[in-house]
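I opened my notebook to record what I looked up in this model. The entries follow in the order I made them.

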Amino acid sequence: MDDKSEPLQIIKKAICTALVINMRKEERAMEGQPVLWFQQIKKKFGENVVLDGVDFKVMPGEIVSLVGENGAGKSTLMNILFGMSVIRQTGGYEGTIYMDGNPLNITNPNDAIHQGIGMVHQEFMLIPGFTVEQNIKLNREPLKKNIFSRVFGHSFETIDWDAENRDAKKALKRIGIDVNPGERIEQLPVGLKQFVEISREIDKENLKVLIFDEPTAVLTETEAEKLLKCIKSFSESGIAVIFISHRLDEVMRISDKVVVLRDGILVENAAVTSLTKEKIAELMVGRKLTERTEEYPDRNIKEEDIILEFRNVSVDMPGEDLRGFSLKVRRGEIIGIGGLAGHGKMAVSNAVSGMYPSTGEVLYNGKPLDVSKTGEALRHEIAFVSEDRKGVGLLLDQSILTNIIFNNLSLKGEFLKSYGFFTQIDNKAAKKTAEQMIEDLAIRCTSAEQLAGSLSGGNQQKVCMARALIAEPKLLFVSEPTRGIDIGAKRLILDYLLKINYEKGITVVMLSSELNELREVCDRIAIVAGGRLRGILGPKESNVKYALMMSGDESVRGGEDSYEKD
Amino acid sequence: MKKTKRYIQKLGVPRLIMLAFLMILLIAVGILHIPFTLTLSQCIVRVGINIVLALAMLPSIRSGIGMNFGLPLGIICGLLAGMISLEYNFTGLMGILMAMLISIIFSIIVGWLYGLLLNKVKGSEMMVGTYMGFSIVSLMCIAWMILPFHNTGIRWPMGNGLRMTITLEQWYDRALNELWMFKIGEVEIPTGLILTCAVFCGVMWLFCRSRLGIRMLAAGSNPEFSKFSGIDANRQRIIGSILSTVLGGIGIIIYAQGFGFYQLYTAPLMMAFPAVAAVLIGGATASKISVGNVVLGTLIFQSILSVAAPVASAIFPEGNLSEVFRTIISNGIILYALSKIGREE
Amino acid sequence: MNPKRTYKIGTEVKKWVTGNIVMLLFITICAIGIYFAAQPSSYIASEIAIRLFRNLILILSLIIPVWAGMGLNFSIVLGAMAAQAGLIVIMNFDMKGIAGLVIAFAISVPLAAGLGILTGKLFNKTKGQEMITGMILGYFAKGVYELIFMYLCGPVIPMDNPQIMLESGVGINGIITMDASLNGAVDKIWKLPLDKLLWIIFGVLTAFLVLRLVYGGVKRKQADKKCLLLLGIDLLLFIIFVYAIKSLLSFQILCMMTQVPMVTCFLVMIICGFIVFLGRTKLGSDIKAVGQSIPIAQAAGIAVNKIRIIAVVISTVIAALGQIIYLQNLGTFTTYSAHEQIGTFSIAALLVGGASIKKAGIGHAILGGVLFHLMFIVAPIAGKNIFNDAQIGEYFRVFASYAVIALALVLHAWRIHVEEKRKTGALVQIGKEAEVK
């Protein structure tokens, strides 16, 4: 546009706006009023852009599936819709959500409920000691007036048990569940709890939109089937449904429309009829490799030189169960373990570290490793950078120095001066090493004495790396190395992994939910889905193959044969 | 200006209030013409005899148990050992040493059992500790009446059981205080007591910097972290509990010799609270503590109490106003610390 | 999909025993005590009746905070202090009789409510540590209470009634003796011997059940059955009662000796009624929801912090009433220590009745009150008979109260510990099942 002709520009703009408004009106006339319209939603967590101009509509009675990888922005979007305090505390969001054409102003979950938005959570929001009917009518109990309530107010109205029972029965009947409303929640099997949650939402009279967050994850096949039928019936009665799921089969079966998010960007918004499972998978994963800052020449990795071998390992880790896992890690390589959150990949490092009990065999340099105790692996030149930085990764209220030298001090007795029967910490040596690591990894801090808890996420991660590295490991496990840290630090950490792998010959096992960073760094990537190893892929395999393997699709196979070929 | 502000922040509001209160009391001492030197002598002794009891909080907080409201368990061990030392008529420094040695044996056993119990009740340590302490103290009330002690000096002249308070004159009254004692002007300096305290504080300081101490610190401040590093957090907690109980036992012996008598029966019931309050005033929290906190806290808290006593009795000759202040201050600071725990979560 | 539940008698019994271990242990102790004390049963029973009515309201005041998930409310001591403050005020102005007590209560209610609000706010800052906070708060308040009544009354707060003030004019007497018009004013209004009361109770109960059977049982058949069963039990007890009153001498003595203070009895019933009523209201439901799970209650839109404060306020106000009833029955009280053991003893009594940190009801309070005071009555004499020293018995009952609380706390924490382990185990189980499918 020409800079000089300002008036002209204004006129042009005005015409454009008018046209747009007109178009929107036409659209509305054509499709009817959308019940929910996310208009250009943007959200940043610090420097991290997690939603970038997401824009889609949900029509009454429509089933919209929201799909994307972990961290694509689905849960952030739902948190915005429900006015969760996390959003406000991190600086709010941009854009507007319209409901029935009016901008929504939601400041807490209660507002959302009043507006007719309901949610069925993945983890149950039910009171275990209450009965089914009490849960269904929680805080919406039918009440009866009495003398005291006239004097002391609404709180003293008694609960109308009969009406409560009636309502609960009605709601349960509507979704076709045969359960006694007087039963206590804690006595119900897991599968039924999900349906109680749905009944509770359905019972809300003004319900317009119902959100399902991975509802089938805990259900058996028959239960899932029933649930899908249920969802269909809601949409027929005019309730809009937002369905969040990783199971693409289900998505294909029940949705009217599919919205695909990738790294906070809406990459597809189309009717399900115009899509295939493979297409969705492809869209979810995408391909957006950034450049490595330095290329390293080929290393000499021998297929038969195995540093660590898993033989039929099963791990009992709540929420991340792993069954019958077998894998050979070659000396000197960087191997990735990928998969969706909650599908068992995290159990791989936790089995070796001994944090969770496991069966099967783990061989290190061909000899069995005792993984029943924690600390055993650490003594065998294996180091870990944990995924749970704040939980198991760091001593938050201790100094960077203590955090860096702790394992060496505790396990190997380094950085200690011995005085006969007692020992004292050698602050001088510890400080020297810590400061060296701070410099090497460019940890931003005031001094080595600064508390680890006061560092930013990226710098905390670097402290964890530093601790792992001063142990001079031969094998390094890194779990979710870039979770929750900004792009600059991400790059630095990934580059550093490549560097130590090449320069020091450290074998790296990298566990991550972010497929792209795995494909960028790793030589091979093992995919874990549904608690099992699904196959091993090279970093250059197609997106479709990756996506389908991660969603546990049986049609795609890698496994032992592709492992041999690699 | 900014520097002072930061300094104030570092010092913390509760400590400032305490220091201001202490200043007011000192001014009152001046105005009311209370003999300052006597107060100072008393103050030194009070700090000295209380510091080891406060020090008992250090291993328990560092190992993750939190404030040890079960301190009476250690105190009971100390008292029992003290009674045995009296029964066999050990006198002087030898008596104190014997009492301490015996009490260590009892404390190790009791501390170990207490640690085992605390590992089963994680999250409720404070409440369980308090009521375990209360129960054992009241159970010991019966024990003091029926245990087979024969020394007539410690038994009631008539009737059953041991005396309520046992004056130590014939055994080791102020034995540590008077060891190498000298005077600066009118002020008595109890060298032996100060040295003993310094030794205990020094040992704990060295302990904190040792491998075991650092491992315990890790286990206390993040059990998951320590598990990952191959440390058994439960074991560290038991060690913390044992050390705390041992210090409690030794602490009461030092307290008793400086005070001049052993107090049995219900006397140990509330003894955990001033110790807890002292370390909290010194800047410790439910999860963090250093030897510096213990020393500073005991100094401030006991100074306030020993200065408040003459001031209060000068203003209100009847009653015991300083006791009321002690109740308000010590419980107030514990409440403050508790409200902070909630906020951390 | 229907869950099949199998009951095994063995496991059920074991579950009941472990659930009520505190009570069972206590019953054993009481039995031993009764055996050695060898006091006449009529004496014991009449003593229990007196003490039960004296203490029951205080015990009942603990129930609501348990519902709210705040555990045993050690801060009822503050309610007791409010009551004592009320009594001191009326005695300062020489108010007499039942009217005086009513005014004392009227003064203590806003005081207790205010203290309750502050306590509730503090509890909201220390979620999960309410019990220790309540206990320390009790000690803290004791200091403030002493400061006010020992040093500020007189010089700062204008009080000069020589009956309650120390001679120096500073501070309230250590022991306050109520005059004849206040002493037992509530109890004295109307007393009935036990046998008459029992006649009335059986009469009313039978009439009620019969009427209900005739008119109310139309709607639900199940209620009908329950009603019939109750009527049966009622009649059976009635027959036993008639037999006892006619032919058992000790029972006759008991009935003669036990004069039931009817007005106190009604007050107890009103508090019980209030608690039952509250359980059926919206407020009660909210309190229980908050007690079960704060995050879920919050997600359902319940104002958690407000509900918790209300629960504490109710508890503190009931405790104030309880303390007034307690003190008027005794007639004298020690100004600076009458409130001290109120928390401990009431809590121990409730726990003895089978309540726990998570669960408490009126039944627990009554049963606990009976058992606990039974122990209190027999312990000194039993101690004297066993060890030849009554003092041992007295130490023992203090020990028993502390030990009961300690045991309940340990059991509760232990149970949580075990449950958490089981929960992770269950999750693993679910994972395995999904795997099989």
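**Entry 1: a charged pair in chain A**

I began with D203(A), which counts as buried because its relative accessibility is 14%, under the 20% limit. The model is predicted, so I treat each value as computed from that prediction. Next I looked for the partner of D203(A). D203(A) makes a salt bridge with K137(A), and the closest N and O atoms are 2.9 Å apart. The two residues sit in distant parts of the chain, 66 residues apart. D203(A) is in helix 8 (residues 190-203) of chain A. K137(A) is in the loop between helix 5 (132-136) and strand 7 of chain A.

Is K137(A) buried or exposed? I found it buried, with a relative accessible area of 5%.

**Entry 2: more salt bridges**

How many salt bridges does a search of the whole structure find over all chains? I noted 36. I picked out two others to look at.

One joins the side chains of D249(A) and K277(A), at 3.1 Å from N to O. D249(A) lies in helix 10 (residues 248-254) of chain A, and K277(A) lies in helix 11 (residues 277-285) of chain A. The pair therefore ties together parts that are 28 residues apart in sequence. I checked the cover on each side. D249(A) is partly exposed, with a relative accessible area of 47%. K277(A) counts as buried, at 18% relative accessibility.

The other is in chain C. K142(C) and E340(C) form a salt bridge, with their closest N and O atoms 3.2 Å apart. This pair links distant parts of the chain, 198 residues apart. I placed K142(C) in helix 7 (residues 130-152) of chain C. I placed E340(C) in the loop between strand 4 (332-334) and helix 16 (342-352) of chain C. K142(C) counts as buried at 16% relative accessibility, while E340(C) counts as partly exposed at 36%.

**Entry 3: chain A as a whole**

I stepped back to chain A. It has 21 helices and 24 strands. It has 566 residues, and 54% of them count as buried. Its accessible surface comes to about 25100 Å², and 50% of that belongs to carbon and sulfur atoms. I also looked at contacts in chain A with a separation of 6 or more. Residues 24 or more positions apart account for 67% of them.

**Entry 4: N146(A)**

Where is N146(A)? I found it in the loop between strand 7 (143-144) and helix 6 (147-152) of chain A. N146(A) counts as buried, at 14% relative accessibility. Its side chain reaches the backbone nitrogen of F148(A) at 2.9 Å. Leaving out residues up to four places away in sequence, N146(A) touches F156(A), E157(A), T158(A) and F277(C).

**Entry 5: where chain B meets chain C**

I turned to chains B and C. Here 44 residues of chain B are in contact with 41 residues of chain C. The two chains bury about 3800 Å² between them, 77% of it on carbon and sulfur atoms. I counted zero salt bridges between chain B and chain C. I counted two residue pairs in polar contact between them. Helix 6 (92-120), helix 7 (125-146) and helix 15 (321-344) of chain B each give two or more residues to the side that touches chain C. The largest share of that side, 14 residues, comes from helix 7 of chain B.

**Entry 6: Y262(B)**

Y262(B) lies in strand 4 (residues 261-263) of chain B. It counts as buried, at 0% relative accessibility. I listed some residues it touches, including L79(B), M83(B), I166(B) and Y172(B). The side chains of Y262(B) and Y172(B) are joined by a polar contact of 2.8 Å.

**Entry 7: a nonpolar patch**

Which residues make the nonpolar surface patch of about 610 Å²? I wrote down I146(B), I32(C), Y35(C), F36(C), I386(C) and F387(C). Helix 2 of chain C supplies the largest share, three residues. Y35(C) is in that helix, and Y35(C) counts as exposed, at 64% relative accessibility.

Note on methods
Residues are numbered from 1 along each chain as its sequence is written. Chains are lettered from A and ligands numbered from 1 in the order in which they are written. This is a predicted model: local features need pLDDT of at least 70, side-chain atom pairs count only at pLDDT 80 or more; totals for chains, interfaces and linings use all residues. Side-chain values use heavy atoms; hydrogens and water are left out. Helices (H or I, at least four residues) and strands (E, at least two) are DSSP runs, numbered from the N terminus. Buried means under 20% relative accessible area, exposed over 50%, partly exposed in between (1.4 Å probe, protein chains only). A polar contact is a pair of N or O atoms within 3.5 Å; within protein, one must be able to donate a hydrogen and the other to accept it, and residues adjacent in sequence count only if both atoms are side-chain atoms. Contact means heavy atoms within 4.5 Å. Patches are made of residues with over 30% relative accessible area and no salt bridge: like charges are joined within 9 Å, nonpolar side chains (Val, Leu, Ile, Met, Phe, Trp, Tyr) within 5 Å. Accessible areas come from the Shrake-Rupley method with a 1.4 Å probe; for residues, only the protein chains shown count as cover. A salt bridge is a side-chain nitrogen of Lys or Arg within 4 Å of a carboxyl oxygen of Asp or Glu. Buried area is the accessible area (1.4 Å probe) that two parts lose on being put together, summed over both.
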